[in-house]
Amino acid sequence: MTTHQETRPSAAAKPVRWAADVVATLREGARLRLDYSAQSLWSVDRMIDEIRRDGAPYAAVDAVLRGLGAYAGEVIARQTGAEWWASGGDHWIRTPDGRLWDPMDEARRCFAGDGSLRLLCRDATTADSRQEQ
């Protein structure tokens, strides 16, 4: 019996792991269930806002922000069929319409008070659906 296993580009390995790690950590620590839906990004944006308001230093939350950005990228990938791309240690999502999105940077912008992973996902999925029409 042969089993079919879906393969993903090697660029996806790290962000997929970062996303899974943050999902598990938040489920256990914060009792927050993230289900890879666009709606779950409302909770992620609120969480980043709370971390910022609590005055956490960036260095202390850098890995969490990376994980939350990777989670948003996975939401986009699952909704649009986008793929992860990597270069020089940076990771981006490339939607089927050819556009590149940087969810990790968007998470850092959220922490700075000037970004939204929910809106990034909306823009990436809306741009993709417009392309299909």
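# Exercises on a predicted model

The chain exposes about 7900 Å², of which carbon and sulfur atoms supply 47% (Shrake-Rupley method, 1.4 Å probe; for residues, only the protein chains shown count as cover). This is a predicted model, in which local features need pLDDT of at least 70 and side-chain atom pairs count only at pLDDT 80 or more, while totals for chains, interfaces and linings use all residues. Residues are numbered from 1 along each chain as its sequence is written, and side-chain values use heavy atoms, with hydrogens and water left out.

**Exercise 1.** State which pattern the chain follows along the sequence.

*Solution.* Step 1: the secondary structure comprises five helices and three strands (DSSP runs, numbered from the N terminus: helices are H or I with at least four residues, strands E with at least two). Step 2: read along the sequence, these elements give α-α-α-β-β-β-α-α.

**Exercise 2.** Describe the sheet and determine which strands stand at its edges.

*Solution.* Step 1: the three strands form an open sheet in the order 1-2-3, with antiparallel pairing (two strands pair if DSSP finds at least two bridges between them). Step 2: strand 1 (83–87) and strand 3 (100–101) each have a single partner strand, so they stand at the edges and one side of each lacks a neighbour in the sheet. Step 3: five bridges join strand 1 to strand 2 (residues 90–94) in the antiparallel sense. E83 stands opposite R94 in strand 2.

**Exercise 3.** Identify which residues touch the most other members of the largest nonpolar core.

*Solution.* Step 1: a nonpolar core is a set of buried Ala, Val, Leu, Ile, Met, Phe, Trp, Tyr and Cys residues joined through side-chain atoms within 4.5 Å; buried means under 20% relative accessible area (1.4 Å probe, protein chains only). Step 2: among the 36 residues of this core, L41, V44, I48, Y71 and L117 touch the most other members. Step 3: helix 1 (13–29), helix 2 (40–53), helix 3 (58–80), helix 4 and helix 5 each give two or more residues to the core. Helix 3 supplies the largest share, nine residues.

Key. Buried means under 20% relative accessible area, exposed over 50%, partly exposed in between (1.4 Å probe, protein chains only).
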